[in-house]
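User: Please take a close look at the salt bridges in this model, and then go through the parts around them. I would like one connected account that I can follow with the structure open.

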Amino acid sequence: MSKIKYFSGETIPLEMHKVRIVQKLALPPIEHRLEVMTKAGNNTFLLPNEEVFLDMLTDSGVNAMSDRQLAAMMVADDAYAGSATYTRLETKLRDIFGMDYFLPAHQGRACEHILAKVLVTPGSVVPMNYHFTTTKAHITLQGGVVEELVSDAGLEVVSALPFKGDMDIAKLEATIARHGAGKIAFVRVESGTNLIGGQPVSLKNLAEVSAVCRRHGIVLVLDASLLADNLHFNKTREASCKDLTIREITRRIADLCDIVYFSARKLGCARGGGICIRDKDMYLRMRGLVPLFEGFLTYGGMSVREIEAITVGLEETMDEDMIDQGPQFIAYMVGELERRGVPVITPAGGLGCHVDAKRFVDHIPQEQYPAGALASALYIAGGIRGMERGTLSEQREPDGREVFSNMELVRLAMPRRVFTLSQVKYAIDRLSWLHENRRLVGGLTFVEEPEVLRFFYGLLKPVSDWQQRLVAKFRADFGDSL
Ligand code: F0G
C-alpha cells in the first residue's frame, strides 16, 4: 500500500503532506439528522452542507489545494485578453501532454459541449468505454448515439481485474464495421471510468484503441478528468509502466490520442477545464465556440486565480506522492469494508468507495430505490453524504416505466487530501453498523418527481416508519453518542 512499512506490520496509508488550513465540522445528533433528511426529501443533493459531517458526495471542485496553488493565485494576471496567467497554463499543458493547441472552458461539461457541437452530427455514433452523464447528454443533444464498449468483465461488481475500464477491442472493431468509419464522430476513452466505480484504463488497452482509430482515420478523444487516479493504477498495476515516471506515462497516454479534455475540478485540484488538441484544423473548428459560450480565448470562463491554481495543480499531479493519496485511502476503505462483509465494488478504484446497494439491502426492490434508500440511511446513521448511482439517477421511459439501473451504488467520494484516516475509519464504522442493521432499512417513494434530472431535485419519502426505527436502534446501541 504505502511505500513506508510499519514496524507493527499494519498496512495503512500514510499522508505525504501536512494540513495547515482547516475547516470546522459539526455532527448534529441523529434525531436532528433525521429531520434534516426528511426536509431534504431523502435526497442527498438537497442537504445543506452545514448539516453534513463528511461530505462524500463528489470529488469535484472540493479537493484540497496546496500552499503553492494558493500562493500562485495571489499573482494572477487579470486581463480580458493576453493574460500571462493563461500563457502559463497553456505552456504547462503543452509541456505535459505534448499537444500544440489549447482551448479553455469553465468546466468539463463545457468542453463536452464544444466537442459535441463540432464533431457530432445527427445519426453519428460515439463509441466509448463507458458514458458519463454530461458527456452522453451533450452527444445526444446533437443527435448522436453513444455506444458503450467496456468489456463485459468491467461490469462485474466483484472482480480482481486490474483495469476494468478497458475497452473491448473486438466490440470496437465490430461497431466500426457495423456503422462504417464515416459514421463514427469520434471514439472516447474515459480515464478512471467514473460510473463503473472509478475503474482505470491500461496504457496497453489505450494503445490498442489508438491503433484501431488510426487505421480507420477516427479521432480518439481522452476524457482525462480522472487521469490522476488512472496514472496511479498504471504505475502500480501495469508492468510496462513500473519503471516510468508519472510524467512519462502521461506523455505516452497523450501521444496515443488526438484530443485530451478534462474537468479541472478533478484534474489539477481547482475549478475549470480545457481541451488540448493536436491538429491545427481541428483547433480552428472549435476555437470560435469558446468566445461564444465560455469567454475570451485567454480565460474561457475561468477566473485567472483558478487558472493559476490549475497550472500548479497539474504540475503537482506529476508527483506520485500527490496522486497516490486518493487511491490509497480508497483502497484502505474498500479493504476494511470487505473484511467486515460490507458489499463494495472491487477492486478498489479511484474517485471513491462504491457501496453495492443491490447486495447491501437486497430486500429492497429496485422500484423502491435501494441505493437512494441506503444513501439516506447513511446520512441518518452517520452524517455522511454520499451520492446515489442507481435507478434513481436514471430517467423513466416516455410511457412512465422505470429504467432499472445495471448497478445500484452509493458512491462515497474521497476528495483528494481532504479527509484524515480517522474520519475514513468513522465512515467504515457507521457503514458496518448499518450493515449489521440492514434489515431495518426500507425503500423510498417519490413525492415530487421532476421529469428531467430527477436525482438532483426530486423529493422522496420512506415507504414505512423504518427511519424512526433506525434512529431508535442507534440510540439503543450508542446511548447518547453523536
Ligand atoms: N467527465 C467525467 C469523467 C466526470 O467525472 C465529470 C464530472 C465530467 C466529465 C464533467 O465535468 O463537472 O467539470 O462539468 N464529474 C462530477 C462527479 C460531476 O461528481 O463525478 P464537470
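Analyst: A salt bridge here is a side-chain nitrogen of Lys or Arg within 4 Å of a carboxyl oxygen of Asp or Glu. The model is predicted, and every value below is computed from it.

Asp 152 and Lys 171 make a pair of this kind through their side chains, with 2.8 Å from N to O. Asp 152 sits in the loop between strand 4 (145-148) and helix 6 (169-179), while Lys 171 belongs to helix 6 itself, so the pair ties together parts that are 19 residues apart in sequence. Counted by this rule, the model has 31 salt bridges. Another of them joins the side chains of Asp 59 and Lys 266, with an N to O distance of 2.5 Å.

Next, the domains. The chain splits into domain 1, made of residues 30-59 and 322-478, and domain 2, made of residues 67-316. Two salt bridges are counted between domain 1 and domain 2. The contact between the domains involves 25 residues from domain 1 and 29 residues from domain 2. The size of an interface is often given as the accessible area lost when the parts come together. For domain 1 and domain 2 the buried area is about 2200 Å², and carbon and sulfur atoms supply 56% of this area. Taken over C-alpha atoms, the centres of the two domains are 29 Å apart.

Tyr 299 is found in the loop between helix 11 (289-293) and helix 12 (304-317). Leaving out residues up to four places away in sequence, Tyr 299 touches Tyr 80, Pro 104 and Ile 307. Arg 430 lies 131 residues from Tyr 299 along the chain, and 44 Å separate their C-alpha atoms.

The loop between helix 13 (320-339) and strand 9 (352-356) holds Pro 347. The peptide bond joining Thr 346 and Pro 347 is cis, with omega about -5°. Leu 351 is also placed in the loop between helix 13 and strand 9. Leu 351 is not a glycine, yet its phi is positive, at about 70°.

Rolling a probe the size of a water molecule over the atoms shows where empty space is left. Six cavities of 30 Å³ or more are counted, and the largest cavity holds about 70 Å³. Its lining includes Asn 42, Asn 43, Thr 44, Phe 45, Met 387, Glu 388 and Phe 455. Helix 15 (370-382) and strand 11 (387-389) are the elements that give two or more residues to this lining. Helix 15 contributes the most, with three residues. By class, the lining of the largest cavity has five nonpolar residues, five polar residues and one charged residue.

Key:
Residues numbered from 1 in each chain as written. Predicted model: local features only at pLDDT ≥ 70, side-chain atom pairs only at ≥ 80, totals over all residues. Heavy atoms only, no water. 1 Å grid on protein atoms, 1.4 Å probe; cavity = no way out; pocket = protein on both sides within 12 Å on 5 of 7 lines; lining within 4 Å. Points joined across faces, edges and corners; volume = space filled by probe spheres on them. Helix = DSSP H or I, 4+ residues; strand = E, 2+ residues; numbered from the N terminus. Nonpolar A, V, L, I, M, F, W, Y, C, P; charged D, E, K, R; others polar. Domains from an automatic or database assignment. Contact = heavy atoms within 4.5 Å. Buried area = accessible area lost by both parts, 1.4 Å probe.
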